[in-house]
Amino acid sequence: LAPAGGVRYSPGMDAPHPLGLFRGPEILPRVDDVARLRIAVFEAWPYLYQGSVDYERAYLAAYARSADRVFVLARPGDQVVGASTGLPLADDTAAFARPFIKRGLPVESVFYFGESVLLPAWRGRGIGALLLADAEQQAQATGATVLRLEVREANIAAIGLYRARSYHRFGQQEDYYDDGATAVRFERRLD
C-alpha cells in the first residue's frame with residue numbers, strides 16, 4: 001500500500017492520483033472532506049438520502065473509535081474526490097452486528113465496507129478499483145477472512161467493480177433503502 005499521500009497508477013489513468021490511507025484517529029481531520037463527498041455523490045439519489053454535514057460528522061466520526069477502521073481517499077490536489085471506508089464488524093455497534101450474529105456468522109472474521117464513493121467526473125479511470133484494493137489490503141491486515149458489502153441493485157457500475165474484484169452475490173435485502181429499493185449483498189473470502 002502506498003503511504004498516505006503516495007501516488008498510485010492504474011491502467012487507463014491519464015495522470016497520477018494520490019491515494020491516502022487514514023486509520024482510527026487519523027480520520028478525524030478528514031471527516032468534513034468525506035462528509036462533503038458523500039453528500040455530493042448521494043445527491044444523485046435525493047429520494048434515498050438528503051444528508052447534512054452534521055449528520056455526516058456523527059456518522060463518520062464513529063470510524064475513529066477503532067485503530068482498524070479505515071478511510072482510503074483519492075485526493076488529486078486538496079480535493080477529496082473518492083473514498084472507500086470500512087471497519088471490522090466486531091468494532092461496529094451491537095445493533096449493526098446483531099443480524100450477522102443471528103445468522104451464526106463470526107463477526108471477528110468479517111470486515112464490512114461502509115461505502116466506496118467517487119465523484120462522477122472521476123469515474124472510469126480505475127480510481128474506484130484502486131480505492132477498493134487498498135481498503136481490501138487494510139482489511140486483510142486486520143486478520144479479516146471475509147469482506148462484505150451491500151450495493152443498490154440498480155448500481156450496475158459498482159456491481160461490475162465488485163464482481164471484477166472477486167466478490168460474489170450471496171443474497172439481497174428487499175426494502176433496504178428508504179425508497180424501498182433492494183440492496184444486493186456481496187462477499188469476498190480471503191482464505
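I shall speak about the nonpolar cores and then about the pockets.

This is a predicted model, in which local features need pLDDT of at least 70 and side-chain atom pairs count only at pLDDT 80 or more, while totals for chains, interfaces and linings use all residues. Residues are numbered from 1 along each chain as its sequence is written, and side-chain values use heavy atoms, with hydrogens and water left out.

A nonpolar core here is a set of buried Ala, Val, Leu, Ile, Met, Phe, Trp, Tyr and Cys residues joined through side-chain atoms within 4.5 Å; buried means under 20% relative accessible area, with a 1.4 Å probe and protein chains only. The largest such core has 43 residues, and Phe71, Phe113 and Tyr167 touch the most other members. A second, separate core has seven residues, including Leu89, Phe100, Val110 and Val146.

Now to the pockets. On a 1 Å grid over the protein atoms alone, a pocket is an open set of points where a 1.4 Å probe fits, with protein on both sides within 12 Å along at least five of seven lines; lining residues have an atom within 4 Å of a point.

The largest pocket is lined by 43 residues, and Arg38, Phe42, Gly114, Glu115 and Val117 lie nearest its centre. The second largest pocket has among its lining residues Phe96, Phe100, Tyr112 and Arg185.

How values were computed. Buried < 20%, exposed > 50% of the residue type's maximum accessible area, 1.4 Å probe, protein only.
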